[in-house]
Amino acid sequence: MFSLQTIFGSGTQFYALLDDAAAAALDSAKALHAMMKEADRQPALDAFKLARLRERTAADKLSQALVDSYITPFEREDIESLGSALHKIPKQIEKFADRYALATQHLAHIDFAPRAAMLEQAAAVVVQMVDELERMNLDRMTALNEKLRSIENEADRLMLELYREIYSGNLDSLQMFLLKEFFEILEKAIDRCREAGVVAYQIVLKNS
């Protein structure tokens, strides 16, 4: 039996659950950056699994809260959209880590750290944007949205440098394939952060 507080509460639990999901995405990005900075870059996948578990737990609680609660702080569809966008970030990062673990011996000469650092920066901005939802400050959210856009633009610039390396003639066909695949996974992870930021920004636009 549900209490009246559960059904007719203020809906503030949604902010905490979305914060947890965003924090899990940041944890995953931090783990990847830390791994790429290590000299041997040996994959340690536990951190990624834990981040994904944290995100899935938050997602499950969020889904249940949408069923149980009568009041939400903003539209249910927006909560679902943001939850879905946040879910895709650690999922994409874990995809990189899992595949990297299988191909480490072919990638020792490739420096992924700068792109991983940008991914961590993007995930950190997403955490700030989700945290700002409770205040619905449009000026603050606009500034964060522009910051996230700048990170995405810089990531796109770095992708052009990647293609110069691919076509340099210094790589064999396997290295070319792997380099392109792994950088595109990282690029998509940054895109996932951008997508989550756009959803958060649009929520504030609608409700401020």
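Reply: Start with one pair. Helix α6 passes α7 in a left-handed crossing. The axes of α6 and α7 come within 10 Å. They cross at roughly 165°. An angle over 145 degrees counts as roughly antiparallel, so α6 runs roughly antiparallel to α7. Sorted by class, the residues of the α6–α7 contact divide into 17 nonpolar, 9 charged and 3 polar.

A word on the setting. This is a predicted model. The chain has 7 helices and 0 strands. Its pattern along the sequence reads α-α-α-α-α-α-α. The C-alpha trace spans about 65 × 35 × 25 Å along its principal axes.

Now α7 itself. This helix covers residues 173–207, 35 residues in all. From first C-alpha to last, α7 reaches 51 Å, close to the 51 Å expected at 1.5 Å a residue. Look at its start too. There, a side-chain oxygen of Asp172 comes to within 3.1 Å of the backbone nitrogen of Leu174.

Next, bring in α5. It spans residues 113–132, while α6 spans residues 138–166. The axes of α5 and α6 come within 10 Å and cross at roughly 165°. That angle makes α5 roughly antiparallel to α6. The crossing of α5 and α6 is left-handed. On the α5 side, the contact is made by Arg115, Met118, Gln121, Ala122, Val125, Val126, Gln128, Met129 and Glu132. On the α6 side, the residues are Arg140, Met141, Leu144, Asn145, Lys147, Leu148, Ile151, Glu154, Ala155, Leu158, Glu161 and Leu162. By class, this α5–α6 contact has 12 nonpolar, 3 polar and 6 charged residues.

That leaves α5 with α7. Their axes come within 9 Å and cross at roughly 15°. Angles under 35 degrees count as roughly parallel, so α5 is roughly parallel to α7. This crossing is left-handed. From α5, the residues in contact are Arg115, Ala116, Met118, Leu119, Ala122, Ala123, Val126 and Met129. They meet Phe183, Leu186, Ala189, Ile190, Cys193, Ala196, Gly197, Ala200 and Tyr201 in α7. By class, the α5–α7 contact has 15 nonpolar, 1 polar and 1 charged residues.

Helix α6 is roughly antiparallel to α5 and roughly antiparallel to α7. Helix α5 is roughly parallel to α7.

Note on methods: Residues are numbered from 1 along each chain as its sequence is written. This is a predicted model: local features need pLDDT of at least 70, side-chain atom pairs count only at pLDDT 80 or more; totals for chains, interfaces and linings use all residues. Side-chain values use heavy atoms; hydrogens and water are left out. Axes are lines fitted to C-alpha atoms, for helices over the stretch in contact, and angles run from 0 to 180 degrees between N-to-C directions. Helices (H or I, at least four residues) and strands (E, at least two) are DSSP runs, numbered from the N terminus. Angles under 35 degrees count as roughly parallel, over 145 as roughly antiparallel, 65 to 115 as roughly perpendicular and the rest as oblique. A crossing is left-handed if the near helix is turned anticlockwise from the far one by less than a right angle, and right-handed if clockwise. Contact means heavy atoms within 4.5 Å. Ala, Val, Leu, Ile, Met, Phe, Trp, Tyr, Cys and Pro count as nonpolar, Asp, Glu, Lys and Arg as charged, and the others, Gly among them, as polar. The expected span of a helix is 1.5 Å times one less than its number of residues. A polar contact is a pair of N or O atoms within 3.5 Å; within protein, one must be able to donate a hydrogen and the other to accept it, and residues adjacent in sequence count only if both atoms are side-chain atoms.
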